[in-house]
Amino acid sequence: MTPNLKHSNISKFQVSEFILMGFPGIHTWQHWLSLPLALLYLLALTANIFILIIINQEATLHQPMYFFLGVLAVVDMGLATTIMPKILAILWFSAKAISLPECFAQMYVIHCFVAMESGIFVCMAIDRYIAICKPLRYPAIVTDSFVVKATVFMALRNSLATIPVPVLAAQRHYCSQNQIEHCLCSNLGVTSLSCDDRTINSVYQLLLAWTLMGSDLALIFLSYALILHSVLKLNSAEAASKALSTCTSHLILILFFYTVIVVISITHNAAMTLPLVPVLLNVLHNVIPPALNPMVYALKNRELRQGLYKVLKMDKEN
């Protein structure tokens, strides 16, 4: 009798909103984090806008590699903008409430953009593989049509594969607690509040990570292994150094991106003892790469640096 009554209450009552509490364990002074986070967000927007302006204005940068870099800049700005305004609103104005539809929408967009960033890294790795290992066939293979098709394929793959994440989360019953110890609507953070079984949510999250991120990482690793094998066969040390220098910036960003994802996955298991660590890493993973990516490319890429100098000189003349 009592279990049936409890089940009836669970099925009838549903919370109308979630409360994003912010960074667990440091609620009293978490507002001090708003300044570095706001600066990172501003840097991400400014640097990526500069990248897009440079690629658009510099004719020598109208190449497949820079088109992918432009797409990455748009994805980075979208990812940062998905979470940072709400986080700053929490830290500055204590605007912690978020409706269920808004929360599930944020959850979807975050998953979509993170998967898209991983997909673009794959496209860039394949582009570098063809450019270095098959240079004579590069113009015939990596055409404008190839670039558009690859980008559209990644966009469709990621937008469709991540739909079940918010759909499954929305099907859970949230009947009692509505306070999320997080700054954003993460899938595991939200579904941990549900009153019914959430096994399917955890299973799909794991499946998504292995199928999308796992396959992307495998393709990236294979591409750079083949690149390294090809470069080591070059007789000229100067040619080998030049070939590897074009991949350095890619590898720095890829290693950072996937390393943080692995660390977040590991620390999530220790969230009961150190709840701040996975939350902080999750937030930083969504805002540091958007700020870091254009800076690394600008520092490591001579063509981008030259384009930046031309844009700044043009601005001064105008």
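Let's start with Cys247, which is buried at 2% relative accessibility; buried means under 20% relative accessible area, exposed over 50% and partly exposed in between, with a 1.4 Å probe and protein chains only. The closest cysteine sulfur to that of Cys247 belongs to Cys133 and is 8.7 Å away, too far for a bond. Before I go on, this is a predicted model: local features need pLDDT of at least 70, side-chain atom pairs count only at pLDDT 80 or more, and totals for chains, interfaces and linings use all residues. Residues are numbered from 1 along each chain as its sequence is written, and side-chain values use heavy atoms, leaving out hydrogens and water.

Cys112 is also worth a look. Its sulfur is 14 Å from the closest cysteine sulfur, in Cys123, again too far for a bond, and Cys112 counts as buried at 16%.

One joins Cys103 and Cys185, with sulfur atoms 2.0 Å apart. Cys103 sits in helix H4 and Cys185 in the loop between strand E3 and helix H8, so the pair ties together parts 82 residues apart in sequence. Helices (H or I, at least four residues) and strands (E, at least two) are DSSP runs, numbered from the N terminus. Cys103 is buried at 0%, and Cys185 is buried at 1%.

Then we have Cys175 and Cys195, their sulfurs 1.8 Å apart. The torsion about their S-S bond is about -110 degrees, so this disulfide is left-handed. Cys175 is buried at 13%, whereas Cys195 is partly exposed at 30%.

Technical notes:
A disulfide is a pair of cysteine sulfur atoms within 2.5 Å.
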